[in-house]
Amino acid sequence: MFRWTLPQALCVLSACVCLVFTYEDDFEVNYTDTFYNEIGDGETPEPTPTPVPCSSRDLTKWDKLFSMLENSQMRENMMLQYADDIIKVEMGSLRGEMLRFVAQYGGSCGVAVETAGRRMALQLEGRLKETMERFKPRDQTSARNSAGTSDHLDERLQQLLSATLLQATRLAKMEHSCLRNGPRAGMGMDVKTVSKLPEAAGNQEQQVPSREGALDGFLAALQQTREELGEVLRSSRQRQLPAGCEMALLFPMRSRRIYTSVIPEVPLSISSFTVCMWVKPTAVSNRTVLFSYGNRRNPYEIQLLLGQSSALFTIGGEAHLVEARRVVSGSEWIHLCGAWTSQQGLATLWAGGKKVTSTPGVAEGHVIPDGGSLQLGQERNGCCPLTPSGGSGVAGFEEGFDPKLAFAGKMTGVNMWDRVLSEGEITQLALREGQGCEQRGNVVAWGATEMVPHGGAQFVN
């Protein structure tokens with residue numbers, strides 16, 4: 001077989017060689033033909049751009065900041081979702097605990113609180129009725145005695161207020177104890193009790209709001225009772241005399257015949273003084289006289305006056321007027337003092353223990369003359385002739401009083417010194433709960449100097 005293959009290969013090879021030599025003249029290469037891609041002289045070929053491989057660009061600080069914000073927002077959302085899940089689980093467990101507590105202790109604790117509340121209300125109502133009965137005078141004698149026993153009533157009201165606060169505190173402690181100790185004890189319930197919880201819890205959930213409403217109403221009633229007792233206490237204090245005073249001068253109405261004359265302990269030939277008093281006006285006009293001293297030559301040597309809401313102080317005549325505005329408010333007790341010294345002419349007004357105005361150069365060098373007349377609640381102004389029954393018997397005063405200037409109300413603690421009191425002394429005199437009436441002046445001393453009421457003026461306890 002090999003013998004036949006080799007001759008065949010030789011035959012094929014020879015045939016190929018013959019074909020090459022036969023077509024050799026047909027293939028000619030022309031190197032003179034021009035083509036469009038020729039490169040002319042002086043032309044520089046432009047390089048073909050090569051695409052840059054993909055690479056990550058550098059991040060700026062703003063890109064980094066935005067990336068951090070996105071990451072923090074994702075973390076925050078995850079944390080919120082996690083916290084929400086935890087709260088839901090905890091609220092579910094807390095609700096279960098509260099239902100168990102209400103089912104076991106709601107009835108007994110609520111009944112106990114309601115019973116205690118009713119008992120407290122009855123006790124407070126009884127004490128309040130007892131106190132109000134004590135305030136009601138049965139006749140004229142008891143009305144007069146009630147002013148003398150105001151300290152005892154004040155003490156009773158203080159005890160009643162203390163009892164109210166004590167009962168409210170006990171109620172709050174009881175409620176707090178029920179809410180604090182209940183869940184711990186409720187953890188020890190047996191399986192049978194737990195199996196009955198859904199039905200009992202439904203009933204208790206309906207009862208708890210009504211009991212809470214009852215407790216809120218009771219606490220509101222206690223608060224209202226406390227406010228009413230406070231009003232009664234303030235009213236009782238207004239009926240009391242201030243600064244430990246045991247009596248007061250009553251001017252029942254404005255009248256030219258109602259005033260009080262004062263006979264000083266020593267002659268009033270002085271170059272400095274301080275006048276102090278407690279007053280409770282019933283009604284105040286534009287000019288109401290509290291303290292007035294004058295003689296035939298000058299009826300206005302010393303005057304302490306009230307306006308609608310101001311206090312006025314004059315020395316040596318109306319030309320030397322000192323005024324303090326907005327110091328009088330309503331029909332309440334107020335302490336007033338007027339001080340003056342001739343050396344510098346310094347006039348000072350005090351209201352409620354505080355210096356409200358001070359003016360220098362007021363009647364500087366002047367000396368208060370002796371031989372005049374001192375009145376409380378009126379002044380001698382020469383406007384009106386004396387009536388036959390209204391004479392005062394003081395030489396030099398042939399004229400009467402003006403009813404428009406008369407004082408109506410109560411006055412106590414009237415004192416006068418022949419010196420200027422210090423700030424500390426006036427502050428002590430103005431203490432409502434103090435003992436200012438025990439400090440008496442050396443020119444006019446309350447409770448010691450002779451004071452003669454005229455007309456309807458009178459001393460009251």
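**Close-up views of a predicted model**

**View 1. The salt bridge between R325 and E323.** The side chains of R325 and E323 come together in a salt bridge, with 3.6 Å from N to O. The structure is a predicted model, and the distances and areas in these legends are to be read as values computed from that model. R325 counts as exposed because its relative accessible area is 58%, which is over the 50% cut-off. E323, by contrast, has a relative accessible area of 31%, and this residue is therefore described as partly exposed.

**View 2. The salt bridge between E425 and R419.** How many salt bridges does the count come to? The count comes to two, and the pair in this view is E425 with R419, whose closest N and O atoms lie 3.3 Å apart. Both partners fall into the partly exposed class: E425 has a relative accessible area of 28%, while the value for R419 is 37%.

**View 3. The aromatic pair of F273 and F313.** Four aromatic pairs are found in the structure. In the pair shown here, the ring centres of F273 and F313 are 6.0 Å apart and the ring planes stand at 80°, so the arrangement is edge-to-face. The two residues come from distant parts of the chain, with F273 in strand 3 (residues 272-283) and F313 in strand 6 (residues 311-315), 40 residues apart. Are these two residues, F273 and F313, buried or exposed? Both F273 and F313 are buried.

View 4. Since F273 belongs to strand 3 and W340 to strand 8 (residues 334-341), the pair ties together parts of the chain that are 67 residues apart in sequence. F273 and W340 are both buried. Taken together, ring pairs join F273, F313 and W340 into a cluster.

View 5. Seven strands make up an open sheet, in the order 7-6-5-4-11-2-15, with antiparallel pairing. Strand 7 (321-324) and strand 15 (450-454) stand at the edges, and because each has a single partner strand, one side of each is left without a neighbour in the sheet. On average, neighbouring strands of this sheet are turned by 15° against each other, with direction ignored. As background for this view, strands of a sheet pair through backbone hydrogen bonds, in either a parallel or an antiparallel sense.

**View 6. Strand 5 and its partners in the sheet.** Strand 5 (residues 302-306) pairs with strand 6 in the antiparallel sense over five bridges, and a hairpin joins strand 5 to strand 6 through four residues.

**View 7. The side chains of strand 5.** Which residues point one way from strand 5, and which the other way? I302, L304 and L306 point one way, whereas Q303 and L305 point the other way, and all are buried. Five of the five residues of strand 5 are buried, which means that this strand is largely enclosed by the rest of the structure.

View 8. With a relative accessible area of 48%, F66 is partly exposed; the value lies below the 50% cut-off, so F66 does not count as exposed.

**View 9. Q439 in its loop, with N415.** Q439 lies in the loop between helix 7 (423-429) and strand 15, and with a relative accessible area of 35% this residue is partly exposed. Q439 and N415 are 24 residues apart in sequence, and their C-alpha atoms are 8.5 Å apart in space.

Technical notes
Residues numbered from 1 in each chain as written. Predicted model: local features only at pLDDT ≥ 70, side-chain atom pairs only at ≥ 80, totals over all residues. Heavy atoms only, no water. Buried < 20%, exposed > 50% of the residue type's maximum accessible area, 1.4 Å probe, protein only. Phe/Tyr/Trp six-rings, centres within 6.5 Å; stacked < 30°, edge-to-face > 60°. Salt bridge = Lys/Arg side-chain N within 4 Å of Asp/Glu carboxyl O. Pairing = 2+ DSSP bridges. Axes fitted to C-alpha atoms, helices over the stretch in contact; angles between N-to-C directions.
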